[in-house]
Amino acid sequence: MCELFGICAATPIEANDLLKKFYAHSVRHPHGWGLALLDCGGPAIEKEPVCAGSSTYLKYRLKSRIVTKTAIAHIRYATQGVMEYDNTHPFTGRDISGRSWTLAHNGTIFDCSLLRPYIRTQRGGTDSERILLYIIDRQDELIRRLRREPTAEERFDLMDQIVCEISPRNKLNLLIFDGELYYVHCNYRDSLHIWQSGTAAYFATVPISDSGWTPVPETQLLAFRDGRLLFTGTDHGHEYLDNAEDQKYLYSGFSVL
């Protein structure tokens, strides 16, 4: 599995120490690193298809002060798609209203017919990119139907539907930001944690400090704004459980990297 780290805060924080601790996990996740800073003016994304611990660029980037309210970071352990830039998280795109959507995924889509058409149109080869393309298409459909930009609650309701649709049989840990709402979803036990401190919420696959972290509630979509929980979605009940068939699938895919 990959690892995720995220920040959703009401006021800017200096993130260097937290990011250094997160990227130190890359020895076990060597297939790429990424960082999206999402405060204003659209996503600023930096990423490379190399191990974070081996990246000269990231070493010097983390020496520069990084201050942000909203961030998504990722280190990749590839299960689909070779090591190349287009397969490195986070992914970003815009809906027809001009809203930017940025996504990082930890997990694997084993079975979802809704996402298969995007194999023909995606830039890379990951199931994660297909999730983002599907989300944007569904949001575009909503915008056309409403003939206006959806409200935050309308966007969340649609995202809740999407997560319920694609969660069955799939490992679906997600951090997504739409310029206003910070979406969080986990359906694999003990694989995503939250730490709330003051007006900031931090998310990590593996806790990166000694105390304060609790598991993210499983099998339901959450949405935060400025560090506070705003919406809670449907408890769809589709917890992902490891099984021999899926493990065989993962190893067969990994053999071609």
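Helices (H or I, at least four residues) and strands (E, at least two) are DSSP runs, numbered from the N terminus.

**Ground rules.** I'm working with a predicted model, where local features need pLDDT of at least 70, side-chain atom pairs count only at pLDDT 80 or more, and totals for chains, interfaces and linings use all residues. Residues are numbered from 1 along each chain as its sequence is written, and side-chain values use heavy atoms, with hydrogens and water left out.

**Cysteines.** I looked for disulfides (a pair of cysteine sulfur atoms within 2.5 Å) and got 0. For Cys2, the closest cysteine sulfur sits in Cys51, 13 Å off, which is too far for a bond. Cys112 has no disulfide either, with the sulfur of Cys164 nearest at 12 Å.

**Salt bridges.** Next I searched for a side-chain nitrogen of Lys or Arg within 4 Å of a carboxyl oxygen of Asp or Glu, which is what a salt bridge is. The whole structure has 16.

One of them joins Glu141 to Arg138 at 3.9 Å, N to O. Both are in helix H3 (residues 127–146), 3 residues apart, or about one turn. I checked accessibility too (buried is under 20% relative accessible area, exposed over 50%, partly exposed in between; 1.4 Å probe, protein chains only). Arg138 is buried at 14%, while Glu141 is partly exposed at 43%.

Arg155 is buried at 2%. A salt-bridge network links Arg155 and Glu180 with Asp178 and Arg225.
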